[in-house]
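Subject: Structure handover

Hello,

Here is the structure I promised to pass on. Please open it next to this message. My notes follow below.

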Amino acid sequence: MSPILPGFVWASAWSGIGEGPYTLAAKIIYANNLRTRYLRKGILWRQGKGASLLDPCPTSNDEMASSLGNMLYQASLAARIPRLYKALATDREFRYCAKCISSGFQAAIAQIPGIVQCPIHGEIHRNSCIHCGASTPPYFLNNDHLPSFSCTECGSPLGGELLIDRRVDAWSTPDRLDRLDPIHTWLERINTSKDIHWMNVSEWSTTLQSPEGTRDHTRDAVFAVLRSRLLPDKTVPESNLDQKPEVFGPFVLTQGAKSSPDLTEAEYGTILRRIALPPELQKYREHFRTPSFGVAVPVGSLVPPHLHAHLIWRAQFQKVTSIYCEPYSRFDFCAVAVPQLLNMKVNRLEAKISNRRISDGILGATWNASLKIAVEWHKMQISFREVPLPEAERRWLIAVDRWANRLGCWRHRNYFPIAVIKVKDRITGQDHLYFVVA
Ligand SMILES: [Zn+2]
Ligand SMILES: [Zn+2]
């Protein structure tokens, strides 16, 4: 049902199910000749930022303005999927289908980067102007910018030929709005599923760096994990991630008295031997430098990535400072190193993290993430080969600085590449743990 807005100029034909708050706000603003000042009466405005349209928060300062705020909230992704909208969707830029926007429509789900194409038209979701290439504005209401259907740089219509910002007769909804239904149903399943508990989703990062430090890769990966592993659904299009996330598990979580015993001294000894420095490292000594974060980094492309990966891997299970790495006690390995690596307190799992299979899963997932990082580093070193020496040195320093959170001890720099997901098995009632690296 399209929203009813008493007191405003509004027509029900302008809007339909699944429309997001961006185009709704644009229409109500133009049709009623409103200003930003007015919106601030009905929506919580954050100092200097305005209001993100992923979760516009209605306020009760003014009854009419609040009904507007409320309508925008009801259309937002926060209303549809409160638990995970931040992990799936972006407000850094407005994303649109050119066909949808040509009649003044944008689906709320277009803000999910994992959904590459418009489910209605099959057109790619864009984030720049077709005419001049300028980036779309943030998905925000703020003082400098009001939402519109045309480019903020060149003024051309985003949806092709016709300028429709002030053409109320041109505003309508796409014919096959029902094509949004499968995605809406799937989001509803994620939202109501009590079986899936993604424990560290807001801090989780991928091993690859997104351009300009955004979280785009991570959002794609969250979508891919949900779409392909946790709640697979063939009616929802797959993500187009180059590399599928690696999933480790399931590991059965046993609780209380049945909890598996702590790591024994012998088992911890095995782990220590696994992470010990490999002898072949000696051969490559002069190809490493140790930056201030205390974990040696290869200079040039001669060091095989698996040797570099070993250093990164080992650092996650050791006490690392700028001058030494030393092993934890068996107790601290279970109580400090592993929970901090996953950014969670042990008791949030309601089971001992030292459960052997879980420890194995964590070692495996950490190795996988370390290897991905080392391979990426190695590729970068190869790209420096052709560069003259002083410039190559400069680039190495800049790269080390940019990658410090990945190349050193992850928990020291709030970098958490291992997702922890608890899933309840509906049949047995048992909790299972998965670790994911992307
Ligand atoms: Zn479309
Ligand atoms: Zn433009």
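A term first: two strands pair if DSSP finds at least two bridges between them. I use the word in that sense for the hairpin further down. Also keep in mind that this is a predicted model.

**Overall layout**

The protein has 438 residues, of which 39% count as buried. It holds 13 helices and 10 strands. Its C-alpha trace spans about 75 × 65 × 40 Å along the principal axes. Take the contacts with a separation of 6 or more: 65% of them come from residues 24 or more positions apart.

The domain assignment gives two entries. Domain 1 covers 1-192, and domain 2 covers 246-437. How far apart are the C-alpha centres of domain 1 and domain 2? They lie 41 Å apart.

Go to β9 next, residues 419-424. Five of its six residues are buried, so the strand is largely enclosed by the rest of the structure.

β9 has a pairing with β3, residues 196-198. The sense is antiparallel, and there are three bridges. To find this pairing on screen, pick Ile 196: its bridge partner in β9 is Val 423.

β9 also pairs with β10, residues 431-437. These two strands run antiparallel as well, joined by six bridges.

β9 and β10 form a hairpin with six residues between the strands. Which residue of this hairpin takes a positive phi? That is Gly 429, with a value near 75°.

**Helices α1 and α3**

Now move to the helices. Two packed helices are described by the angle between their axes and the distance between the axes. For α1 (residues 21-32) and α3 (residues 63-75), the angle is about 155° and the axes are 9 Å apart. Angles over 145 degrees count as roughly antiparallel, so α1 is roughly antiparallel to α3. The crossing of α1 past α3 is right-handed.

Which residues make the contact? These do:

- From α1: Pro 21, Leu 24, Ala 25 and Ile 28.
- From α3: Leu 68, Met 71, Leu 72 and Ala 75.

**Where to look**

For a quick tour, begin with the α1 and α3 contact, including Leu 24 and Leu 72. Then go to Val 423 in β9, across from Ile 196. Finish at Gly 429 in the hairpin.

Best wishes

Technical notes: Residues numbered from 1 in each chain as written. Chains lettered and ligands numbered in written order. Predicted model: local features only at pLDDT ≥ 70, side-chain atom pairs only at ≥ 80, totals over all residues. Domains from an automatic or database assignment. Buried ≥ 20, exposed ≤ 12 C-beta atoms within 10 Å, placed from the backbone. Helix = DSSP H or I, 4+ residues; strand = E, 2+ residues; numbered from the N terminus. Axes fitted to C-alpha atoms, helices over the stretch in contact; angles between N-to-C directions. Parallel < 35°, antiparallel > 145°, perpendicular 65-115°, else oblique. Left-handed = near helix turned anticlockwise from the far one by under 90°. Contact = placed C-beta atoms within 7 Å.
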